Amino acid sequence: MKHIISILIENEPGALSRVVGLFSARGYNIETLTVAPTEDRSLSRMTIVTSGSDDVIEQITKHLNRLIDVVKVVDLIETPYIERELMLIKVRAVGKEREEMKRMADIFRGRVIDVTDKSYTIELTGDGIKLDAFIDALDSTAILETVRTGASGIARGERILKA
């Protein structure tokens with residue numbers, strides 16, 4: 001089962017490598033990883049998407065809480081949450097393909113952010129399922145390049161991740 005683990009961590013050199021090392025040493029897989037400073041520049045927010053049983057995720061959470069740089073750990077799937085991912089995708093757009101690619105971007109609420117004589121670069125945001133559906137809807141030979149950020153998530157409502 002997919003889990004989105006949100007970690008508040010001290011914004012210090014080596015903090016990221018310690019978290020990644022913990023996953024690696026115990027054979028846990030990181031599917032996606034995003035990290036950036038928070039409104040408090042001394043802290044960063046790390047979002048890790050991983051898969052595993054509830055017991056495995058509980059072990060991961062316990063190990064993360066033992067790391068000295070970690071301030072707080074939350075598994076977002078335990079409560080209602082919002083998940084978003086950013087994808088930039090460069091597609092072939094020549095002749096009649098140009099209008100079709102623009103139409104596909106509009107259907108998925110994407111934006112064409114770069115245009116050349118032979119290609120469009122489209123920006124899409126949404127959950128991973130939406131982005132995968134966009135890719136599946138395209139002819140695979142039309143896709144020139146894809147870049148994805150990985151998931152970022154936040155709890156819905158009044159629940160916040162603070163030190």
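1. The side chains of Glu123 and Arg111 form a salt bridge at 2.9 Å, N to O (a side-chain nitrogen of Lys or Arg within 4 Å of a carboxyl oxygen of Asp or Glu). Glu123 belongs to strand β7 (residues 119-126) and Arg111 to strand β6 (residues 111-115), so the contact ties together parts 12 residues apart in sequence. Strands (E, at least two residues) are DSSP runs, numbered from the N terminus. Glu123 is partly exposed, at 23% relative accessible area (buried means under 20%, exposed over 50%, partly exposed in between; 1.4 Å probe, protein chains only).

2. On the basis of the model: it is predicted, with local features needing pLDDT of at least 70 and side-chain atom pairs pLDDT 80 or more, while totals for chains, interfaces and linings use all residues. Residues are numbered from 1 along each chain as its sequence is written, and side-chain values use heavy atoms, with hydrogens and water left out.

3. Arg148 and Glu85 also meet in a salt bridge, at 2.7 Å, N to O. Arg148 lies in strand β8 (residues 143-148) and Glu85 in strand β5 (residues 81-92), so parts 63 residues apart in sequence are tied together. Arg148 is partly exposed at 31%, whereas Glu85 is buried at 8%.

4. The salt bridge count comes to 11. Another of these pairs is Lys162 with Glu39, at 3.0 Å, N to O. Lys162 is in the segment after β9 (152-155) and Glu39 in the loop between β2 and β3, 123 residues apart. Glu39 is exposed at 64%; Lys162 is partly exposed at 41%.

5. Strands β2 (residues 32-37) and β3 (residues 43-51) pair antiparallel over six bridges (pairing requires at least two DSSP bridges between two strands). A five-residue hairpin joins β2 to β3, and Pro37 stands opposite Ser44 in β3.

Conventions
Helices (H or I, at least four residues) and strands (E, at least two) are DSSP runs, numbered from the N terminus.
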